[in-house]
Amino acid sequence: MENNTFNVAVLGAGNIGSAVVARLIDLDKGIVGLNVKKILVRDTKKARDFSKDLLTDNFDEILNDDSIDLVIEVLGGIDPGKEYIDALLKKGKAVITANKDIIADAGCDLIQTAKDNNACLYFEAAVAAGIPVLKPLIESLRGEELTKVLGIINGTSNYMLTSMEEGSSYEEALSTAQELGYAEPDPTNDVEGIDAKYKAVILSLLCFGVSPSSDELFTDGISGITKEDFEWAARLGKTIKLVAQIDNKNGFNARVHPVLINNKHPLAAIRGALNAVVVEGDNINQLVFSGPGAGSEPTASAIIGDVLSACHQLSSEQTNWYPLREFEGEMKSFEDVESSMFIRLSVNDEPGVLAKISGTFGENNVSIESVIQEGRGDKAELVLVTHEAPEKDIKNSIDQISALDSVTTVTSTLRVYV
Ligand SMILES: NC(=O)c1ccc[n+]([C@@H]2O[C@H](COP(=O)([O-])OP(=O)(O)OC[C@H]3O[C@@H](n4cnc5c(N)ncnc54)[C@H](OP(=O)(O)O)[C@@H]3O)[C@@H](O)[C@H]2O)c1
(Lines give C-alpha, C1' and ligand atoms only; values in the text may rest on other atoms or scores of the structure.)
Protein backbone atom coordinates (compact mmCIF):
# COMPACT_ATOMS: atom_id res chain seq x y z
CA MET A 1 0.00 0.00 0.00
CA GLU A 2 1.36 3.43 -1.00
CA ASN A 3 -0.23 6.72 0.15
CA ASN A 4 -3.29 4.89 1.41
CA THR A 5 -3.82 3.40 -2.06
CA PHE A 6 -3.74 -0.31 -2.82
CA ASN A 7 -1.89 -1.48 -5.93
CA VAL A 8 -3.84 -4.01 -7.95
CA ALA A 9 -2.96 -6.37 -10.81
CA VAL A 10 -5.48 -8.20 -12.98
CA LEU A 11 -4.69 -11.54 -14.64
CA GLY A 12 -6.82 -11.61 -17.80
CA ALA A 13 -8.68 -8.89 -19.69
CA GLY A 14 -11.37 -10.84 -21.55
CA ASN A 15 -15.13 -10.61 -20.91
CA ILE A 16 -14.79 -10.43 -17.15
CA GLY A 17 -11.31 -8.89 -16.83
CA SER A 18 -12.15 -5.88 -19.01
CA ALA A 19 -15.36 -5.20 -17.03
CA VAL A 20 -13.37 -5.49 -13.78
CA VAL A 21 -10.66 -3.08 -14.97
CA ALA A 22 -13.31 -0.50 -15.95
CA ARG A 23 -14.97 -0.81 -12.52
CA LEU A 24 -11.62 -0.56 -10.67
CA ILE A 25 -10.70 2.60 -12.55
CA ASP A 26 -14.13 4.17 -11.87
CA LEU A 27 -14.39 3.12 -8.22
CA ASP A 28 -15.23 5.97 -5.86
CA LYS A 29 -11.93 6.94 -4.20
CA GLY A 30 -13.93 7.82 -1.10
CA ILE A 31 -14.50 4.08 -0.57
CA VAL A 32 -10.91 2.97 -1.09
CA GLY A 33 -7.91 4.14 -3.12
CA LEU A 34 -7.02 1.66 -5.86
CA ASN A 35 -4.31 1.87 -8.48
CA VAL A 36 -4.38 -0.62 -11.35
CA LYS A 37 -0.70 -1.33 -11.89
CA LYS A 38 -0.47 -4.27 -14.30
CA ILE A 39 -2.77 -6.40 -16.45
CA LEU A 40 -1.64 -9.82 -17.66
CA VAL A 41 -2.83 -10.94 -21.12
CA ARG A 42 -1.67 -13.38 -23.75
CA ASP A 43 -1.60 -10.87 -26.61
CA THR A 44 -0.30 -7.41 -25.65
CA LYS A 45 -0.93 -6.06 -29.17
CA LYS A 46 -4.72 -6.63 -29.17
CA ALA A 47 -6.82 -3.44 -29.01
CA ARG A 48 -8.14 -2.80 -25.47
CA ASP A 49 -10.29 -0.15 -23.77
CA PHE A 50 -7.47 0.89 -21.43
CA SER A 51 -3.86 2.09 -21.68
CA LYS A 52 -1.47 -0.39 -23.34
CA ASP A 53 1.15 0.71 -20.77
CA LEU A 54 -0.62 -1.44 -18.18
CA LEU A 55 -0.27 -4.66 -20.20
CA THR A 56 2.25 -7.41 -19.72
CA ASP A 57 2.50 -10.99 -20.92
CA ASN A 58 4.99 -11.86 -18.20
CA PHE A 59 3.44 -13.10 -14.94
CA ASP A 60 6.74 -12.73 -13.05
CA GLU A 61 6.49 -8.95 -13.42
CA ILE A 62 3.41 -9.14 -11.21
CA LEU A 63 4.59 -11.89 -8.86
CA ASN A 64 7.88 -10.14 -8.12
CA ASP A 65 6.51 -6.62 -7.81
CA ASP A 66 6.42 -6.12 -4.04
CA SER A 67 4.29 -3.00 -4.39
CA ILE A 68 1.34 -5.05 -5.74
CA ASP A 69 -0.98 -5.84 -2.81
CA LEU A 70 -3.86 -7.54 -4.53
CA VAL A 71 -4.25 -9.68 -7.65
CA ILE A 72 -7.49 -10.58 -9.45
CA GLU A 73 -7.38 -13.83 -11.48
CA VAL A 74 -9.83 -13.98 -14.41
CA LEU A 75 -7.90 -16.07 -16.94
CA GLY A 76 -10.26 -19.07 -17.15
CA GLY A 77 -9.29 -22.78 -17.13
CA ILE A 78 -7.16 -24.46 -14.48
CA ASP A 79 -3.69 -23.85 -15.93
CA PRO A 80 -1.75 -21.67 -15.45
CA GLY A 81 -4.13 -19.86 -13.07
CA LYS A 82 -3.87 -22.45 -10.27
CA GLU A 83 -0.07 -22.21 -10.11
CA TYR A 84 -0.24 -18.42 -10.30
CA ILE A 85 -2.68 -18.19 -7.38
CA ASP A 86 -0.54 -20.53 -5.29
CA ALA A 87 2.62 -18.49 -6.00
CA LEU A 88 0.88 -15.16 -5.28
CA LEU A 89 -0.51 -16.38 -1.94
CA LYS A 90 2.96 -17.64 -0.95
CA LYS A 91 4.21 -14.10 -1.56
CA GLY A 92 1.51 -12.87 0.85
CA LYS A 93 -0.53 -11.08 -1.81
CA ALA A 94 -4.33 -11.02 -1.57
CA VAL A 95 -5.92 -13.02 -4.38
CA ILE A 96 -9.42 -12.79 -5.82
CA THR A 97 -10.57 -15.28 -8.42
CA ALA A 98 -13.79 -15.91 -10.34
CA ASN A 99 -12.56 -19.33 -11.38
CA LYS A 100 -14.83 -22.21 -10.24
CA ASP A 101 -12.67 -24.81 -12.00
CA ILE A 102 -9.62 -23.91 -9.89
CA ILE A 103 -11.53 -23.64 -6.61
CA ALA A 104 -13.42 -26.90 -7.18
CA ASP A 105 -10.12 -28.61 -8.03
CA ALA A 106 -7.87 -27.12 -5.35
CA GLY A 107 -9.91 -24.79 -3.12
CA CYS A 108 -9.06 -26.60 0.10
CA ASP A 109 -5.28 -26.52 -0.57
CA LEU A 110 -5.34 -22.89 -1.72
CA ILE A 111 -7.26 -21.81 1.40
CA GLN A 112 -4.63 -23.60 3.50
CA THR A 113 -1.87 -21.82 1.56
CA ALA A 114 -3.62 -18.49 2.21
CA LYS A 115 -3.84 -19.28 5.94
CA ASP A 116 -0.21 -20.45 6.14
CA ASN A 117 0.93 -17.17 4.56
CA ASN A 118 -1.48 -14.82 6.37
CA ALA A 119 -2.85 -13.99 2.96
CA CYS A 120 -6.39 -13.43 1.70
CA LEU A 121 -8.21 -15.55 -0.87
CA TYR A 122 -11.68 -14.63 -2.12
CA PHE A 123 -13.79 -16.27 -4.83
CA GLU A 124 -17.33 -14.91 -4.51
CA ALA A 125 -17.84 -14.83 -8.31
CA ALA A 126 -17.00 -18.53 -8.69
CA VAL A 127 -20.50 -19.60 -7.56
CA ALA A 128 -23.69 -17.83 -8.71
CA ALA A 129 -21.58 -14.90 -10.00
CA GLY A 130 -23.56 -11.78 -9.05
CA ILE A 131 -25.18 -13.17 -5.89
CA PRO A 132 -23.16 -12.48 -2.75
CA VAL A 133 -23.80 -15.93 -1.27
CA LEU A 134 -20.32 -17.23 -0.41
CA LYS A 135 -19.46 -14.41 2.00
CA PRO A 136 -22.53 -15.15 4.17
CA LEU A 137 -21.63 -18.86 4.05
CA ILE A 138 -17.98 -18.23 4.97
CA GLU A 139 -18.58 -15.52 7.58
CA SER A 140 -22.12 -14.74 8.74
CA LEU A 141 -23.24 -18.39 8.86
CA ARG A 142 -19.93 -19.92 9.98
CA GLY A 143 -21.32 -20.53 13.45
CA GLU A 144 -24.39 -22.37 12.16
CA GLU A 145 -24.84 -26.09 11.62
CA LEU A 146 -26.22 -26.32 8.10
CA THR A 147 -28.39 -29.23 7.04
CA LYS A 148 -29.09 -28.65 3.39
CA VAL A 149 -28.13 -26.49 0.40
CA LEU A 150 -30.23 -26.51 -2.74
CA GLY A 151 -29.37 -24.34 -5.69
CA ILE A 152 -30.03 -23.38 -9.26
CA ILE A 153 -26.43 -22.54 -10.06
CA ASN A 154 -26.26 -22.71 -13.84
CA GLY A 155 -27.95 -19.83 -15.63
CA THR A 156 -27.78 -21.35 -19.12
CA SER A 157 -29.71 -24.49 -18.24
CA ASN A 158 -32.22 -22.47 -16.20
CA TYR A 159 -32.76 -20.16 -19.17
CA MET A 160 -33.39 -23.19 -21.40
CA LEU A 161 -35.75 -24.89 -18.93
CA THR A 162 -37.74 -21.65 -18.59
CA SER A 163 -38.08 -21.45 -22.41
CA MET A 164 -39.23 -25.07 -22.48
CA GLU A 165 -41.78 -24.37 -19.76
CA GLU A 166 -43.09 -21.62 -22.06
CA GLY A 167 -43.45 -24.11 -24.94
CA SER A 168 -40.07 -24.33 -26.74
CA SER A 169 -38.52 -27.65 -27.66
CA TYR A 170 -35.07 -28.48 -26.22
CA GLU A 171 -33.45 -27.66 -29.58
CA GLU A 172 -35.26 -24.29 -29.87
CA ALA A 173 -34.32 -23.38 -26.28
CA LEU A 174 -30.66 -24.24 -26.90
CA SER A 175 -30.50 -22.33 -30.15
CA THR A 176 -32.00 -19.17 -28.55
CA ALA A 177 -29.63 -19.51 -25.58
CA GLN A 178 -26.72 -19.65 -28.03
CA GLU A 179 -27.99 -16.63 -30.02
CA LEU A 180 -28.28 -14.60 -26.79
CA GLY A 181 -24.78 -15.61 -25.68
CA TYR A 182 -26.02 -17.62 -22.66
CA ALA A 183 -24.79 -20.91 -24.11
CA GLU A 184 -21.37 -21.67 -25.63
CA PRO A 185 -21.15 -23.17 -29.15
CA ASP A 186 -20.32 -26.42 -27.28
CA PRO A 187 -22.93 -26.33 -24.48
CA THR A 188 -21.93 -29.67 -22.85
CA ASN A 189 -20.69 -28.25 -19.52
CA ASP A 190 -23.88 -26.29 -18.98
CA VAL A 191 -26.51 -28.74 -20.23
CA GLU A 192 -24.94 -31.88 -18.75
CA GLY A 193 -24.65 -30.38 -15.26
CA ILE A 194 -20.83 -30.26 -15.23
CA ASP A 195 -20.59 -26.53 -14.51
CA ALA A 196 -23.12 -26.93 -11.68
CA LYS A 197 -21.09 -29.87 -10.35
CA TYR A 198 -17.95 -27.69 -9.91
CA LYS A 199 -20.01 -25.12 -8.02
CA ALA A 200 -21.61 -27.86 -5.89
CA VAL A 201 -18.11 -29.02 -4.89
CA ILE A 202 -17.31 -25.48 -3.69
CA LEU A 203 -20.59 -25.22 -1.75
CA SER A 204 -19.95 -28.65 -0.19
CA LEU A 205 -16.54 -27.51 1.04
CA LEU A 206 -17.79 -24.24 2.49
CA CYS A 207 -21.02 -25.55 4.01
CA PHE A 208 -20.00 -29.02 5.19
CA GLY A 209 -16.19 -29.28 4.97
CA VAL A 210 -16.36 -31.99 2.28
CA SER A 211 -14.78 -31.87 -1.19
CA PRO A 212 -16.58 -34.71 -2.99
CA SER A 213 -14.70 -36.21 -5.91
CA SER A 214 -16.25 -36.30 -9.38
CA ASP A 215 -17.18 -39.98 -8.85
CA GLU A 216 -18.90 -39.22 -5.56
CA LEU A 217 -21.04 -36.41 -6.98
CA PHE A 218 -23.81 -37.90 -9.14
CA THR A 219 -24.38 -35.59 -12.09
CA ASP A 220 -27.12 -35.59 -14.69
CA GLY A 221 -28.12 -32.77 -17.03
CA ILE A 222 -31.14 -31.52 -18.93
CA SER A 223 -30.50 -32.89 -22.42
CA GLY A 224 -33.08 -35.68 -21.98
CA ILE A 225 -35.92 -33.34 -20.93
CA THR A 226 -38.78 -32.80 -23.36
CA LYS A 227 -41.73 -30.47 -23.82
CA GLU A 228 -43.99 -33.39 -22.84
CA ASP A 229 -42.22 -33.65 -19.47
CA PHE A 230 -43.14 -30.01 -18.88
CA GLU A 231 -46.75 -30.69 -19.87
CA TRP A 232 -46.86 -33.47 -17.27
CA ALA A 233 -45.11 -31.29 -14.70
CA ALA A 234 -47.80 -28.61 -15.16
CA ARG A 235 -50.56 -31.20 -14.69
CA LEU A 236 -48.95 -32.15 -11.38
CA GLY A 237 -48.63 -28.49 -10.21
CA LYS A 238 -44.86 -28.60 -10.69
CA THR A 239 -42.05 -27.38 -12.93
CA ILE A 240 -38.62 -28.77 -13.82
CA LYS A 241 -35.34 -27.29 -12.55
CA LEU A 242 -31.71 -28.40 -12.70
CA VAL A 243 -30.58 -28.32 -9.08
CA ALA A 244 -27.50 -29.01 -7.03
CA GLN A 245 -28.62 -30.64 -3.81
CA ILE A 246 -26.28 -31.10 -0.86
CA ASP A 247 -27.68 -32.82 2.25
CA ASN A 248 -26.10 -33.62 5.53
CA LYS A 249 -28.96 -35.31 7.35
CA ASN A 250 -28.37 -39.04 7.99
CA GLY A 251 -25.19 -38.91 5.90
CA PHE A 252 -23.64 -36.47 3.45
CA ASN A 253 -24.44 -36.56 -0.24
CA ALA A 254 -24.06 -33.97 -3.01
CA ARG A 255 -25.64 -34.39 -6.42
CA VAL A 256 -26.73 -32.45 -9.50
CA HIS A 257 -29.76 -33.47 -11.52
CA PRO A 258 -33.08 -32.14 -12.81
CA VAL A 259 -36.05 -32.33 -10.46
CA LEU A 260 -39.77 -31.90 -10.65
CA ILE A 261 -40.36 -29.22 -8.07
CA ASN A 262 -43.61 -27.86 -6.65
CA ASN A 263 -44.66 -24.52 -8.15
CA LYS A 264 -44.84 -23.10 -4.61
CA HIS A 265 -41.15 -23.79 -3.82
CA PRO A 266 -38.95 -20.63 -3.95
CA LEU A 267 -36.76 -22.20 -6.68
CA ALA A 268 -39.77 -22.65 -9.00
CA ALA A 269 -39.97 -18.84 -9.31
CA ILE A 270 -36.32 -18.53 -10.48
CA ARG A 271 -36.69 -17.94 -14.20
CA GLY A 272 -34.45 -17.22 -17.17
CA ALA A 273 -30.71 -16.95 -16.54
CA LEU A 274 -31.15 -16.20 -12.83
CA ASN A 275 -29.59 -18.35 -10.11
CA ALA A 276 -30.67 -19.02 -6.55
CA VAL A 277 -29.25 -20.80 -3.53
CA VAL A 278 -31.44 -22.00 -0.64
CA VAL A 279 -29.57 -22.70 2.60
CA GLU A 280 -31.18 -24.54 5.51
CA GLY A 281 -30.13 -25.05 9.11
CA ASP A 282 -31.88 -25.66 12.43
CA ASN A 283 -31.43 -22.07 13.69
CA ILE A 284 -31.81 -20.20 10.44
CA ASN A 285 -34.67 -22.30 9.05
CA GLN A 286 -34.37 -21.34 5.38
CA LEU A 287 -32.47 -18.52 3.63
CA VAL A 288 -32.91 -17.81 -0.07
CA PHE A 289 -30.29 -15.92 -2.11
CA SER A 290 -31.21 -15.11 -5.70
CA GLY A 291 -30.09 -12.92 -8.57
CA PRO A 292 -27.98 -12.90 -11.73
CA GLY A 293 -25.70 -15.94 -11.89
CA ALA A 294 -23.63 -14.90 -14.92
CA GLY A 295 -22.67 -11.98 -17.14
CA SER A 296 -19.71 -9.64 -17.05
CA GLU A 297 -21.31 -6.84 -15.00
CA PRO A 298 -22.79 -8.99 -12.19
CA THR A 299 -19.54 -11.00 -12.07
CA ALA A 300 -17.48 -7.79 -11.90
CA SER A 301 -19.72 -6.62 -9.02
CA ALA A 302 -18.93 -9.77 -7.03
CA ILE A 303 -15.22 -9.24 -7.73
CA ILE A 304 -15.37 -5.59 -6.63
CA GLY A 305 -17.08 -6.73 -3.41
CA ASP A 306 -14.15 -9.10 -2.85
CA VAL A 307 -11.69 -6.27 -3.58
CA LEU A 308 -13.30 -4.13 -0.86
CA SER A 309 -13.20 -7.02 1.62
CA ALA A 310 -9.56 -7.69 0.73
CA CYS A 311 -8.51 -4.05 1.17
CA HIS A 312 -10.15 -3.98 4.58
CA GLN A 313 -8.46 -7.24 5.56
CA LEU A 314 -5.03 -6.34 4.12
CA SER A 315 -4.53 -3.66 6.79
CA SER A 316 -4.72 -6.40 9.45
CA GLU A 317 -2.13 -8.62 7.71
CA GLN A 318 -4.25 -11.66 8.54
CA THR A 319 -5.96 -14.25 6.42
CA ASN A 320 -9.70 -13.81 5.86
CA TRP A 321 -10.34 -17.49 6.66
CA TYR A 322 -11.88 -18.94 9.78
CA PRO A 323 -11.06 -22.64 10.14
CA LEU A 324 -12.95 -24.58 7.47
CA ARG A 325 -15.77 -26.75 8.77
CA GLU A 326 -14.57 -30.19 9.83
CA PHE A 327 -16.65 -33.03 8.48
CA GLU A 328 -17.33 -35.61 11.12
CA GLY A 329 -20.33 -37.43 9.69
CA GLU A 330 -20.62 -40.26 7.21
CA MET A 331 -20.66 -40.10 3.45
CA LYS A 332 -23.81 -41.52 1.87
CA SER A 333 -23.46 -42.99 -1.60
CA PHE A 334 -25.92 -41.84 -4.24
CA GLU A 335 -27.32 -45.40 -4.45
CA ASP A 336 -28.55 -45.02 -0.85
CA VAL A 337 -30.07 -41.56 -1.30
CA GLU A 338 -33.86 -41.76 -1.05
CA SER A 339 -35.71 -40.23 -3.97
CA SER A 340 -39.26 -40.07 -5.20
CA MET A 341 -39.36 -40.80 -8.94
CA PHE A 342 -41.70 -39.67 -11.71
CA ILE A 343 -41.72 -42.31 -14.46
CA ARG A 344 -43.40 -42.13 -17.87
CA LEU A 345 -43.89 -45.41 -19.70
CA SER A 346 -45.35 -46.36 -23.05
CA VAL A 347 -47.13 -49.70 -22.62
CA ASN A 348 -49.41 -52.06 -24.55
CA ASP A 349 -53.02 -51.28 -23.61
CA GLU A 350 -53.91 -54.78 -22.38
CA PRO A 351 -55.18 -56.28 -19.11
CA GLY A 352 -52.66 -57.01 -16.36
CA VAL A 353 -49.95 -54.50 -17.40
CA LEU A 354 -50.38 -52.29 -14.38
CA ALA A 355 -50.36 -55.31 -12.05
CA LYS A 356 -47.02 -56.52 -13.53
CA ILE A 357 -45.48 -53.06 -13.16
CA SER A 358 -46.70 -52.48 -9.62
CA GLY A 359 -45.62 -56.04 -8.74
CA THR A 360 -42.09 -55.29 -9.94
CA PHE A 361 -41.92 -52.14 -7.82
CA GLY A 362 -43.26 -54.14 -4.84
CA GLU A 363 -40.56 -56.84 -5.26
CA ASN A 364 -37.98 -54.04 -4.99
CA ASN A 365 -39.65 -52.50 -1.92
CA VAL A 366 -40.69 -49.38 -3.84
CA SER A 367 -44.23 -48.18 -3.19
CA ILE A 368 -46.26 -46.17 -5.67
CA GLU A 369 -47.80 -42.85 -4.69
CA SER A 370 -49.91 -42.19 -7.80
CA VAL A 371 -50.67 -43.61 -11.24
CA ILE A 372 -52.26 -42.00 -14.28
CA GLN A 373 -53.05 -44.13 -17.35
CA GLU A 374 -54.13 -42.65 -20.66
CA GLY A 375 -55.10 -44.74 -23.68
CA ARG A 376 -53.51 -44.07 -27.06
CA GLY A 377 -55.13 -46.69 -29.40
CA ASP A 378 -53.55 -50.07 -28.64
CA LYS A 379 -50.87 -48.27 -26.61
CA ALA A 380 -51.22 -46.44 -23.33
CA GLU A 381 -49.12 -43.88 -21.53
CA LEU A 382 -48.58 -44.66 -17.91
CA VAL A 383 -47.28 -42.03 -15.50
CA LEU A 384 -46.23 -43.18 -12.04
CA VAL A 385 -44.84 -41.31 -9.08
CA THR A 386 -43.15 -43.43 -6.42
CA HIS A 387 -42.80 -42.74 -2.74
CA GLU A 388 -39.26 -42.05 -1.56
CA ALA A 389 -37.06 -45.12 -1.85
CA PRO A 390 -33.31 -45.77 -2.19
CA GLU A 391 -31.98 -44.93 -5.64
CA LYS A 392 -30.66 -48.48 -6.10
CA ASP A 393 -34.13 -49.98 -5.53
CA ILE A 394 -35.76 -47.55 -7.93
CA LYS A 395 -33.10 -48.21 -10.55
CA ASN A 396 -33.53 -51.99 -10.24
CA SER A 397 -37.31 -51.59 -10.60
CA ILE A 398 -36.97 -49.46 -13.74
CA ASP A 399 -34.43 -51.86 -15.30
CA GLN A 400 -36.80 -54.81 -14.70
CA ILE A 401 -39.89 -52.91 -15.87
CA SER A 402 -38.21 -51.83 -19.12
CA ALA A 403 -37.53 -55.52 -19.86
CA LEU A 404 -41.25 -56.49 -19.56
CA ASP A 405 -42.86 -57.53 -22.89
CA SER A 406 -45.81 -55.21 -22.33
CA VAL A 407 -43.60 -52.14 -21.81
CA THR A 408 -42.55 -50.49 -25.10
CA THR A 409 -40.37 -47.71 -23.68
CA VAL A 410 -39.52 -45.95 -20.46
CA THR A 411 -40.01 -42.48 -21.93
CA SER A 412 -38.63 -40.46 -19.05
CA THR A 413 -37.63 -40.57 -15.42
CA LEU A 414 -37.32 -37.51 -13.22
CA ARG A 415 -36.68 -37.19 -9.52
CA VAL A 416 -39.34 -35.34 -7.58
CA TYR A 417 -38.12 -32.80 -5.00
CA VAL A 418 -39.91 -33.49 -1.72
N1 LIG B 1 -18.73 -15.22 -18.02
C2 LIG B 1 -19.33 -15.27 -16.86
O3 LIG B 1 -20.53 -14.95 -16.72
C4 LIG B 1 -18.54 -15.70 -15.65
C5 LIG B 1 -19.19 -15.74 -14.41
C6 LIG B 1 -18.44 -16.13 -13.29
C7 LIG B 1 -17.13 -16.48 -13.44
N8 LIG B 1 -16.53 -16.44 -14.67
C9 LIG B 1 -15.12 -16.84 -14.77
O10 LIG B 1 -14.33 -15.72 -15.16
C11 LIG B 1 -13.11 -16.21 -15.73
C12 LIG B 1 -12.77 -15.40 -16.98
O13 LIG B 1 -13.74 -15.63 -17.97
P14 LIG B 1 -13.78 -14.74 -19.32
O15 LIG B 1 -15.06 -15.05 -19.97
O16 LIG B 1 -13.44 -13.32 -19.01
O17 LIG B 1 -12.56 -15.38 -20.16
P18 LIG B 1 -11.99 -14.83 -21.55
O19 LIG B 1 -12.92 -13.84 -22.16
O20 LIG B 1 -11.57 -16.03 -22.33
O21 LIG B 1 -10.68 -14.01 -21.13
C22 LIG B 1 -9.48 -14.62 -20.70
C23 LIG B 1 -8.41 -13.55 -20.57
O24 LIG B 1 -7.26 -14.16 -20.00
C25 LIG B 1 -6.12 -13.97 -20.84
N26 LIG B 1 -5.35 -15.21 -20.78
C27 LIG B 1 -5.81 -16.48 -20.90
N28 LIG B 1 -4.79 -17.37 -20.73
C29 LIG B 1 -3.69 -16.64 -20.49
C30 LIG B 1 -2.33 -16.97 -20.24
N31 LIG B 1 -1.90 -18.23 -20.19
N32 LIG B 1 -1.44 -15.95 -20.03
C33 LIG B 1 -1.85 -14.67 -20.06
N34 LIG B 1 -3.14 -14.29 -20.30
C35 LIG B 1 -4.03 -15.27 -20.51
C36 LIG B 1 -6.66 -13.69 -22.23
O37 LIG B 1 -5.69 -12.88 -22.90
P38 LIG B 1 -5.97 -12.29 -24.39
O39 LIG B 1 -7.00 -11.21 -24.19
O40 LIG B 1 -4.67 -11.75 -24.83
O41 LIG B 1 -6.47 -13.45 -25.20
C42 LIG B 1 -7.96 -12.93 -21.89
O43 LIG B 1 -7.68 -11.56 -21.69
C44 LIG B 1 -13.33 -17.72 -15.96
O45 LIG B 1 -12.68 -18.44 -14.93
C46 LIG B 1 -14.83 -17.88 -15.84
O47 LIG B 1 -15.23 -19.16 -15.41
C48 LIG B 1 -17.21 -16.06 -15.77
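Of the 418 residues of the chain, 43% count as buried, a value that, like the others reported here, is computed from a predicted model. The chain contains 13 helices and 17 strands. Its radius of gyration is 24 Å, close to the 22 Å that the globule rule gives for 418 residues, so the chain is as compact as a globular protein of that length. Taken along the principal axes, the box filled by the C-alpha atoms is roughly 85 × 45 × 35 Å. When contacts between residues at least 6 apart in sequence are considered, 74% of them join residues at least 24 apart.

Two packed helices are described by the angle between their axes and the distance between the axes. For helix H3 (residues 81–90) and helix H4 (residues 100–116), the axes come within 10 Å and cross at roughly 10°; because angles under 35 degrees count as roughly parallel, H3 and H4 are therefore roughly parallel to each other. The residues of this contact divide into six nonpolar, two polar and four charged. On the side of H3, the contact is made by Gly81, Lys82, Ile85, Asp86, Leu89 and Lys90, which meet Ile102, Asp105, Ala106, Leu110, Thr113 and Ala114 in H4.

The ligand is surrounded by 23 residues, of which the closest are Gly12, Gly14, Ile16, Arg42 and Ala294. Helix H1 (residues 15–26) gives the most to this shell, contributing three residues. Sorted by class, the shell around the ligand comprises eleven nonpolar, eight polar and four charged residues.

Methods:
Residues numbered from 1 in each chain as written. Predicted model: local features only at pLDDT ≥ 70, side-chain atom pairs only at ≥ 80, totals over all residues. Axes fitted to C-alpha atoms, helices over the stretch in contact; angles between N-to-C directions. Helix = DSSP H or I, 4+ residues; strand = E, 2+ residues; numbered from the N terminus. Parallel < 35°, antiparallel > 145°, perpendicular 65-115°, else oblique. Contact = placed C-beta atoms within 7 Å. Nonpolar A, V, L, I, M, F, W, Y, C, P; charged D, E, K, R; others polar. Rg over C-alpha atoms; globule rule 2.2 N^0.38 Å. Buried ≥ 20, exposed ≤ 12 C-beta atoms within 10 Å, placed from the backbone. Near = placed C-beta within 6 Å.
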